[in-house]
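This report covers selected secondary-structure elements and how they pack. The sequence and coordinates are shown below.

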Amino acid sequence: MSAVVIATAFGGPEVLEIADQPPGEPGPGEALIEIRAAGVNPVDYKAYSGVFGADPARLPLRLGSEASGVVTAVGPDAMGPTGPVQVGAAVIAFRAPGAYAAELVVPASALVPKPDTLDWAQASGLMLTGVTAWHLLEATGVGPGDTVLIHGAAGGVGVMAVQIAVDRGARVVATAGPAHHDLLRELGATPVEYGLGLMDRIRAAAPDGVDAALDLAGTDEALDVSFVLVPDRTRIATIVSFERGLNTGIKVLGGAPGADPGTEIRAAARLELARLAQQGKLTVLVSQTFPLAEAAEAHRSIMHGHTQGKIALIP
Ligand SMILES: NC(=O)c1ccc[n+]([C@@H]2O[C@H](COP(=O)([O-])OP(=O)(O)OC[C@H]3O[C@@H](n4cnc5c(N)ncnc54)[C@H](OP(=O)(O)O)[C@@H]3O)[C@@H](O)[C@H]2O)c1
């Protein structure tokens, strides 16, 4: 038996409980991993909040989708994206449904070798935000010489998008609260405070104009200024404002109905992200860690909406 976090009802973080469940044996094409850290993402609390429906047949709900850990057993034909998966290997598992756990059986195809530049907590937070940022930059064609505006740049996805855009040779103007401006400067971006007067501040920071904009904040303000500043709407993308995005001809990315899930781009991005991390060009900023048994506290923290970088759970 090993520990797992479950949502026993739909509601707030108070519905989370820790339970003991057998992790199971890896079958063909699968591996068992001992989890060292699990990444926390806003979608994890949205899963039981009711925003995606509240069908009681889905309860109890396992949570999480990304983790780092060590392979402890493999089934037959356990082939990962970089070759056969071996017992003892340090790996990142993504997508790994149910990753809020001490042990988990995952498809071997979900396992990427852990870059040794990242510790366990950092490695657990590389993939979900990383593949989303990669998809955003691909969908808007951001490359050398571009100026890209990133709304909500200090959170999990934002910190990834800033680093990858800088690595691609783009100039980055990044919105965030003042508490995160030093961090964004260190990552190579020009920080700008969101809120009243945002348009003028962006114009001052990017006097030659803005070529592309990424909305990770989901506010009307973020899209309003993007529509004015970016001449080509196909170079504006949102991962949050699905309805407005679909009605305005911009790129709408993710799992919502009508959005582009980017399944292949995101799957392929995993190895690129691991390579960039291994080369020291991409890091994961973990601002908080919580014991697995305190998943509810971790969710209360990320629900405030002002997380810097990532939060990780430690079994
Ligand atoms: N569609 C997809 O595929 C996909 C994938 C991943 C995530 N998402 C969604 O994308 C959003 C961001 O995810 P995340 O993991 O980066 O979240 P996060 O780590 O919780 O970060 C949220 C960030 O938003 C910033 N923020 C809050 N209010 C803002 C405002 N009014 N204007 C600009 N920035 C503001 C905060 O920075 P300050 O402290 O500076 O305010 C915070 O750093 C979430 O809604 C998430 O569910 C979608």
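Predicted model: local features only at pLDDT ≥ 70, side-chain atom pairs only at ≥ 80, totals over all residues.

In general, the strands of a sheet pair through backbone hydrogen bonds, in either a parallel or an antiparallel arrangement.

## Pairing and burial of E1

Strand E1 covers residues 2-7 and strand E2 covers 16-21. The two run antiparallel and are joined by six bridges. Val4 has Ala19 as its bridge partner in E2, and Ile6 stands opposite Glu17 of E2.

E1 also pairs with strand E4 (residues 61-62), again in the antiparallel sense, over two bridges. Here the bridge partner of Ala7 is Leu61 in E4. Of the six residues of E1, five are buried, so E1 is largely enclosed by the rest of the structure.

## Helix H10 and its surroundings

Helix H10 spans residues 295-303. Its buried residues are Ala295, Ala296, Ala298, His299, Ser301 and Ile302. Which elements do the buried residues of H10 pack against? They are in contact with strands E1 and E2, strand E3 (30-40), strand E17 (286-291) and strand E18 (310-314), and also with helix H1 (42-49).

Just after H10, the backbone at Gly305 has a positive phi of about 85°.

## Packing of H3 and H4

Two packed helices are described by the angle between their axes and by the distance between those axes. Helix H3 (residues 127-139) packs with helix H4 (residues 156-167) at an angle of about 50°, and the axes are 8 Å apart. The crossing of H3 past H4 is right-handed.

On the H3 side, the contact is made by Thr129, Gly130, Thr132, Ala133, Trp134, Leu136 and Leu137. H4 contributes Gly156, Val157, Met160, Ala161, Ile164 and Ala165. Sorted by class, the contact of H3 with H4 has nine nonpolar residues, four polar residues and no charged ones.

Note on methods:
Residues numbered from 1 in each chain as written. Heavy atoms only, no water. Buried < 20%, exposed > 50% of the residue type's maximum accessible area, 1.4 Å probe, protein only. Helix = DSSP H or I, 4+ residues; strand = E, 2+ residues; numbered from the N terminus. Contact = heavy atoms within 4.5 Å. Axes fitted to C-alpha atoms, helices over the stretch in contact; angles between N-to-C directions. Left-handed = near helix turned anticlockwise from the far one by under 90°. Nonpolar A, V, L, I, M, F, W, Y, C, P; charged D, E, K, R; others polar. Pairing = 2+ DSSP bridges.
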